Amino acid sequence: MELEQVGTAARRWLVDRVRRTYPVLALLTLIGALSAYIRIAIPWSKIFTSSGVVLSGNDPYYHERLIESTVANFPVRMWFDPMTFFPHGSPLYWGPVHDQLIAFLALVVGLGSPSTQTIYSVNALFPAVLG
């Protein structure tokens, strides 16, 4: 008899927990969908043009260079860039996780041999998906 009471109490607690959590999950889903619409759907035609993928700013193009190097030598990313502080070069002090994640996703999407267009597309969409 006591086990039935424990089971009923546990079910009641679970149902109550779901009822309290559901509105929060619905709100978070709505916020996520709205932010995805703002960051992906609205600028889509400015990013994916007939001439190719257009990245915004300078940093995405530098990261694109690092990502292409990482894709070619996966999972190794270069730690010294001869093109920065030219002609001397300089070490890269920031971590490789961002570039390696994009390189990995590009390799998956490109089925092991991604084109430059695929790498650019993943690089353009990754920050928006990441949040």
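Let me start with a term: a residue counts as buried when its relative accessible area is under 20%, and as exposed when that area is over 50%. The model you see above is a predicted one, so please keep that in mind throughout.

Is Thr-70 buried or exposed? Its relative accessible area is 0%, so Thr-70 is buried. What does Thr-70 touch, once its neighbours within four places in sequence are left aside? The contacts are Val-76, Arg-77, Gln-100 and Ala-103.

For contrast, look at Tyr-37, which is found in helix H1, residues 2-41. Tyr-37 has 48% relative accessibility and therefore counts as partly exposed. Along the chain, Tyr-37 and Thr-70 are 33 residues apart, and their C-alpha atoms are separated by 30 Å.

Now to the helix that holds Thr-70. H3 runs over residues 59-72, which makes 14 residues. From its first C-alpha to its last it reaches 20 Å, close to the 20 Å expected at 1.5 Å a residue. Thr-70 is one of the buried residues of H3; the others are His-63, Glu-64, Leu-66, Ile-67, Ser-69 and Val-71. An α-helix has 3.6 residues a turn, so residues three or four places apart point the same way.

What do the buried residues of H3 pack against? They pack against helix H4, residues 97-109, and helix H5, residues 116-130. I will go through the three helix pairs in turn.

The crossing of H3 and H4 is right-handed. On the H3 side, the contact is made by His-63, Leu-66, Ile-67, Thr-70 and Val-71. On the H4 side, it is made by His-98, Asp-99, Gln-100, Ile-102, Ala-103 and Leu-107. Sorted by class, the residues of this contact of H3 with H4 are six nonpolar, four polar and one charged. Notice Thr-70 again in the H3 list, and Gln-100 and Ala-103 in the H4 list; Gln-100 and Ala-103 were among the contacts of Thr-70.

Next, H3 with H5. Here the packing angle is about 125°, and the axes are 10 Å apart. H3 and H5 are therefore oblique to each other. The crossing of H3 and H5 is right-handed. From H3, the residues Pro-60, Tyr-61, Glu-64, Ile-67, Glu-68 and Val-71 take part, and they meet Thr-116, Ile-119, Tyr-120 and Asn-123 in H5. How many nonpolar, polar and charged residues does the contact of H3 with H5 have? There are six nonpolar, two polar and two charged residues.

The last pair is H4 with H5. The axes of H4 and H5 cross at roughly 130° and come within 9 Å. H4 and H5 are therefore oblique to each other. H4 passes H5 in a right-handed crossing. In H4, His-98, Leu-101, Ile-102, Leu-105, Ala-106 and Val-109 meet Thr-118, Ile-119, Val-122, Asn-123 and Phe-126 of H5. This contact of H4 with H5 divides into eight nonpolar residues, three polar and no charged.

A word on H5 itself. Its end C-alpha atoms are 21 Å apart, which agrees with the 21 Å that its 15 residues should span at 1.5 Å a residue. The buried residues in H5 are Thr-118, Ile-119, Ser-121, Val-122, Asn-123, Ala-124, Phe-126 and Ala-128. Just after H5 comes Gly-131, with a positive phi of about 110°.

Where is Pro-75? Pro-75 lies in the loop between H3 and strand E3, residues 80-81. A cis peptide bond joins Phe-74 to Pro-75, with omega about 5°. Another cis peptide bond runs from Phe-86 to Pro-87, with omega near 5°. Pro-87 is found in the loop between E3 and strand E4, residues 90-91.

Phe-85 is also placed in the loop between E3 and E4. Phe-85 is not a glycine, although its phi is positive, about 55°. With a relative accessible area of 61%, Phe-85 is exposed.

Leu-111, in the loop between H4 and H5, has a positive phi of about 55° and is not a glycine. Its relative accessible area is 77%, so Leu-111 is exposed.

Notes:
Residues numbered from 1 in each chain as written. Predicted model: local features only at pLDDT ≥ 70, side-chain atom pairs only at ≥ 80, totals over all residues. Heavy atoms only, no water. Helix = DSSP H or I, 4+ residues; strand = E, 2+ residues; numbered from the N terminus. Expected span 1.5 Å × (residues − 1). Buried < 20%, exposed > 50% of the residue type's maximum accessible area, 1.4 Å probe, protein only. Contact = heavy atoms within 4.5 Å. Axes fitted to C-alpha atoms, helices over the stretch in contact; angles between N-to-C directions. Parallel < 35°, antiparallel > 145°, perpendicular 65-115°, else oblique. Left-handed = near helix turned anticlockwise from the far one by under 90°. Nonpolar A, V, L, I, M, F, W, Y, C, P; charged D, E, K, R; others polar.
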